[in-house]
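Notebook open, structure on screen. I'm jotting down what I look up as I go.

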Amino acid sequence: MALNYSYLLPVAGLVTLNGCTQKKAPERKPLNIVYIMTDDHSYQTMSCYDKRYTHTPNLDRIAEEGVKFTNSFVCNSLSGPSRAVLLTGKHSHKNGYTDNEGGKIFNGQQQTVQQLLQEGGYQTAMIGKWHLGGTPTCFDYWTILPAQGDYYNPDFITPEGTVRHEGYVTNIITDLSIDWLRNKRDTTKPFCMFVHHKAIHRNWMGDTADLALFEDRTFEMPENFWDDYKGRVAAAKQEMSIDKDMTMIYDLKMLDDQVDDHYRSIYIRDNGTQGTYGRMNEAQRTAWDKHYKPIIKEFKKAKLKGKALAEWKYQRYMRDYLKTVKSLDDNVGRLLKELEEEGLLDNTLIVYASDQGFYMGEHGWFDKRFMYEESMRTPLIMRLPEGFDYRGDVPQLVQNIDYAPTFLELAGLPVPEDIQGVSLVPLLKGEKPADWRKSLYYHFYEYPAEHSVCRHYGVRTERYKLIHFYNDIDEWELYDLQEDPSEMNNLYGKPGTEEITKELKAELERLQVFYDDPIREKN
């Protein structure tokens, strides 16, 4: 497939009245693409979106030198499915990867963005968290974490076998990315490099260099931390409460010899299980113990119970989570510096996103999955290359099905008709298409499973959200996001909402037909 970069080229010399031709301006090189994705990074903890919790100068730089999408969402708030959506530009029911359960393997033989880029002359690289089962296809280079991967001394699967790297995972993934840029890529070809971090996934283990950070901070708790879930049956059924479900050892590192459960075992054993204290080398463990042992001692002495214990858990969660954010931001800075030093910065689109949003105590929760704002919404910022002069916020509704067609258009390649997303290139130019979508479709499948979030689908417009929880229950929820941004007041079935409910159900049905979701046949 031939590359077509005509949309990037300056106007060629035209014949003048005296018969002479002007000199042809030099052709611009095809654009490179660097896509950086983290796991479970909340938009609330990026200072370009929200300044309450932390400062992320390197992420902010990407937004300042490009665009920040203020209404960016996912189709299915779960790690593996979100990655499958990224690679295919299709909703979960179309790409076949609906949930993380049962040892599923992504069908890499189907059409993917990396395949189309590769066929179009691009080099492709996948570095870091894959989390789709099996091994990557249509990548010229790949080195991936097994499953969730580990924060310390992680293993990486490569075409040659499994390799263990000493150190902290966020640093290592950046090291591998820089090494590929410097030493392994073909400098005569454009490239698309996917840099997929393990951070900021549970159990939020910070780099030993950052362990002391945020310990002097007391974070204000969300107003709805003690949500009673009145009028919201599905919200009450979940098992992702900081108060009741966040574990003392695995999540909060309060190692206690008197406790012996599943989470304790995966925290301390050293046989390759995710995120374990047991994987640390002597120097790492010494630094870790120096920090956490006094906290453990103080915690045991306090003998907290009830609300006091829940509030203490929230503070520990926030501190540990933000330590992983700090390392991530530092490493984004390292990668930006490398691209600059390699002379690639001005000819490269740099995208930063998370695979979904995350709860920072809203509704009393951690984790994601729900169609509620904190998990459906995801950060999305892009540093734009030369030729794209627009800077600032992009308010249109966008979704992760849109990434693949955007990359293809920027590469000068055709977008196949079966891709369900739409290219964001007009928005990157500051355009405001009159026919841009006015609603988004969402579908979550993983139940029964960890965290017990019921299956549901729904529609989100600029103002309203309608959700249908199904399978084991049959419950509807309706929210006015303008009047109730925290989604505390379920309006479904209340007097005065009949017309908007009818409109939203019609739009929901339209989207299910448009995206060809077979769930509509079971309604």
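At what angle do the axes of helix α1 and helix α9 cross? Before I answer, a note on the ground rules. I'm working with a predicted model, where local features need pLDDT of at least 70 and side-chain atom pairs count only at pLDDT 80 or more, while totals for chains, interfaces and linings use all residues. Residues are numbered from 1 along each chain as its sequence is written, and side-chain values use heavy atoms, with hydrogens and water left out.

**Entry 1: helices around α9**

I looked up α1 (residues 57–64) and α9 (residues 306–341): their axes cross at roughly 50° and come within 7 Å. Axes here are lines fitted to C-alpha atoms, for helices over the stretch in contact, and angles run from 0 to 180 degrees between N-to-C directions. Helices are DSSP runs of H or I with at least four residues, strands are runs of E with at least two, and both are numbered from the N terminus. The two helices are therefore oblique to each other.

On the α1 side, P57, N58, L59, R61 and I62 make the contact, and they meet L328, D329, D330, V332, G333, L336 and E340 of α9. Contact means heavy atoms within 4.5 Å. I sorted these by class and got six nonpolar, two polar and four charged residues. (Ala, Val, Leu, Ile, Met, Phe, Trp, Tyr, Cys and Pro count as nonpolar, Asp, Glu, Lys and Arg as charged, and the others, Gly among them, as polar.)

Next I checked α5 (residues 169–184), which packs with α9 at about 10°, the axes 9 Å apart. That makes α5 roughly parallel to α9. Among the residues in contact are T174, I178 and L181 of α5 and L328, L335 and L339 of α9. The classes come out as five nonpolar, six polar and four charged.

Then α8 (residues 282–302): the angle with α9 is about 170° and the axes are 13 Å apart. α8 and α9 are therefore roughly antiparallel. H291, Y292, I295 and F299 of α8 touch L309, W312, R316, D320 and K323 of α9.

**Entry 2: strands**

I found an open sheet of four strands, antiparallel, in the order β13-β14-β15-β16. Strands pair if DSSP finds at least two bridges between them. β13 and β16 (475–480) are at the edges with a single partner each, so one side of each has no neighbour in the sheet. From one strand to the next, the twist averages 10°.

β15 (residues 464–469) pairs with β16 over six bridges, and I467 has E477 as its bridge partner in β16. Helix α13 (residues 498–514) lies across β13, β14 (456–461), β15 and β16, at about 110° to β14.

Elsewhere, β6 (residues 155–158) and β7 (residues 161–164) run antiparallel, joined by four bridges. They form a hairpin with two residues between them, and F156 stands opposite V163 of β7.

How much space lies in the largest cavity? I get about 40 Å³. C75, N76, H91, S92, H93, Y441, H443 and Y445 line this cavity. α3 (92–95) and β13 (439–444) are the elements that give two or more residues to the lining. Three lining residues are nonpolar, five are polar and none is charged. My cut-offs: on a 1 Å grid over the protein atoms alone, a cavity is a set of points where a 1.4 Å probe fits but cannot get out, and lining residues have an atom within 4 Å of a point. Volume is the space filled by probe spheres set on the points, which are joined across faces, edges and corners.

Conventions:
Angles under 35 degrees count as roughly parallel, over 145 as roughly antiparallel, 65 to 115 as roughly perpendicular and the rest as oblique. On a 1 Å grid over the protein atoms alone, a cavity is a set of points where a 1.4 Å probe fits but cannot get out, and a pocket is an open set with protein on both sides within 12 Å along at least five of seven lines; lining residues have an atom within 4 Å of a point.
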